[in-house]
Amino acid sequence: MFASYHLAFLAVNSALQERIVPKEEIATFFQQYKKLIKEVNPAFIFNMDESFVSPNTKEKVVVSRTTRGVTKEEKVPCHLTLVGCVCADNTAMKPLIILDIKTAPPAFLTYDLLSKAFISGSETGWINGEIYSSWVKDCFLPFLHEKREHLRMPMAPAILLLDGHSTRFNKDVLEQLVANRVKVAIIPAHSSHLMQPLDLCPFGEFKKKVSKLSFSPGDGIRQKREKLVNQAILGWRYASMEDIIEAGFKRSGLWPFNPNAVLMGSPASIVDKTDAPEQMKRTRRISINNRVITCIQDINDLFSEAPPAKKRNT
């Protein structure tokens, strides 16, 4: 009994610690970010992140005329990740949908579907380094160039706000972004619930819409996957409405620039570094969190911190 309670306490305590951020790290990020946005139009301040969806649906089964309907919950044997990107001018990119199969079937590569979303796949249904690299090269940068041309600002600098997910730690991709006048700002670790516009509003609305998904009793895996993709597209269309994007950026303090929206708005999640849990005070030898990357030298400095590769025994 005690062991079960102790394990449950540790799990809850660990989850809470993952939502705690030292105040000094947030303040440092906003100081760096303030310098970045001086010459950047809000139309070119982007936030990219991904949202994993694995719905449970409820199906009502009628046993007989004399008995009540029984509702059973069914875990859907398919899932996906939606990669979203929103801008501080309250616009959004077409989403990328990552299926839980490595190669997307022809049914997901129709002109109609591809006009609404980019489609990719991985065995896990999660984003990986290869997909992230392709998103930057084939989705984000073409969208950025098109937007610059549309606004007649061909040399406009841009900012891409990211979290510190391991897929972002890619030297070639960072060099591509910098070469295209994109400054990369990585928010502090464990701060997505405070500082990432997508997590603060759009993704919450997106998941609400996807949760309304329902299947027919005879639906097979293919039909369920198709319905899930279509529901995700509808959910993103709603979640990327102007007022929802605006609310996310406003709550993050990133646009309009307002550090107090974070520093004064979530006291339970922000602590002085001296009061932070001990494991949070230990820093890895190399980390991309809480970094601002504006030039090749920043990239070289970042990767020069990486420990040398271990030699394999022969």
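Predicted model: local features only at pLDDT ≥ 70, side-chain atom pairs only at ≥ 80, totals over all residues.
**Entry 1. The sheet and what lies on it**

I found an open sheet of seven strands, in the order 7-6-5-2-8-9-11, and its pairing is mixed. Strand 7 (118-121) and strand 11 form the edges; each has a single partner strand, so one side of each has no neighbour in the sheet. For background I recalled that strands of a sheet pair through backbone hydrogen bonds, either parallel or antiparallel.

I then asked which strands helix 4 lies across. Helix 4 lies across strand 2, strand 5, strand 6, strand 7, strand 8 and strand 9, and its direction is at about 140 degrees to that of strand 2. Helix 10 also packs on the sheet, where it touches strand 2, strand 5 and strand 8. The direction of helix 10 makes about 80 degrees with that of strand 5.

**Entry 2. Strand 2 and its two partners**

I next followed strand 2 (residues 45-53). Eight of its nine residues are buried, so strand 2 is largely enclosed by the rest of the structure. Strand 2 runs antiparallel to strand 5, and eight bridges join the two. With strand 8, strand 2 runs parallel, and here I noted three bridges.

In strand 5 it stands opposite Val-86, and in strand 8 Asn-47 stands opposite Leu-161.

Moving along the sheet, I found strand 8 paired with strand 9 (residues 182-186) in the parallel sense, over five bridges. There, Leu-160 has Val-184 of strand 9 as its bridge partner.

**Entry 3. Strand 5**

Is strand 5 (residues 80-87) enclosed or open to the outside? Eight of its eight residues are buried, so the strand is largely enclosed by the rest of the structure. I checked both faces. Leu-80, Leu-82, Gly-84 and Val-86 point one way, while Thr-81, Val-83, Cys-85 and Cys-87 point the other way, and all are buried.

Strand 5 pairs with strand 6 (residues 96-99) in the antiparallel sense, over four bridges.

**Entry 4. Leu-99**

I stayed with Leu-99, which lies in strand 6. Its relative accessible area is 1%, and a residue under 20% counts as buried, so Leu-99 is buried. Which residues does Leu-99 contact, leaving aside its neighbours within four places in sequence? Among them are His-79, Ala-104, Pro-105, Phe-108, Ile-119, Ser-122, Arg-225 and Val-229. For Ser-122 I recorded the separation: 23 residues in sequence, and 6.4 Å in space from C-alpha to C-alpha.

**Entry 5. Helix 8 against helix 9**

I turned to a pair of helices. Two packed helices are described by the angle between their axes and the distance between the axes. The axes of helix 8 (residues 202-210) and helix 9 (residues 221-239) come within 8 Å and cross at roughly 140 degrees. That angle makes helix 8 oblique to helix 9. Their crossing is right-handed.

Helix 8 contributes Pro-202, Phe-203, Glu-205, Phe-206, Lys-209 and Val-210 to the contact. From helix 9 come Leu-228, Gln-231, Ala-232, Gly-235, Trp-236, Tyr-238 and Ala-239. By class, I noted nine nonpolar, two polar and two charged residues in this contact.

**Entry 6. Backbone exceptions**

Most residues other than glycine have a negative phi, and most peptide bonds are trans.

Arg-152 has a positive phi, near 55 degrees, and is not a glycine. Its place is in the loop between helix 4 (129-150) and strand 8 (158-162). With 77% relative accessibility, Arg-152 counts as exposed.

Asn-290, likewise not a glycine, has a positive phi of about 55 degrees. I located Asn-290 in the loop between helix 12 (278-281) and strand 11 (292-293). Is Asn-290 buried or exposed? Asn-290 is buried, at a relative accessible area of 16%.

For the peptide bonds, I noted a cis bond joining Trp-255 and Pro-256, with omega about -10 degrees. Pro-256 is in the loop between helix 10 (242-252) and helix 11 (260-263).

Methods. Residues numbered from 1 in each chain as written. Heavy atoms only, no water. Axes fitted to C-alpha atoms, helices over the stretch in contact; angles between N-to-C directions. Parallel < 35°, antiparallel > 145°, perpendicular 65-115°, else oblique. Left-handed = near helix turned anticlockwise from the far one by under 90°. Contact = heavy atoms within 4.5 Å. Nonpolar A, V, L, I, M, F, W, Y, C, P; charged D, E, K, R; others polar. Buried < 20%, exposed > 50% of the residue type's maximum accessible area, 1.4 Å probe, protein only. Pairing = 2+ DSSP bridges.
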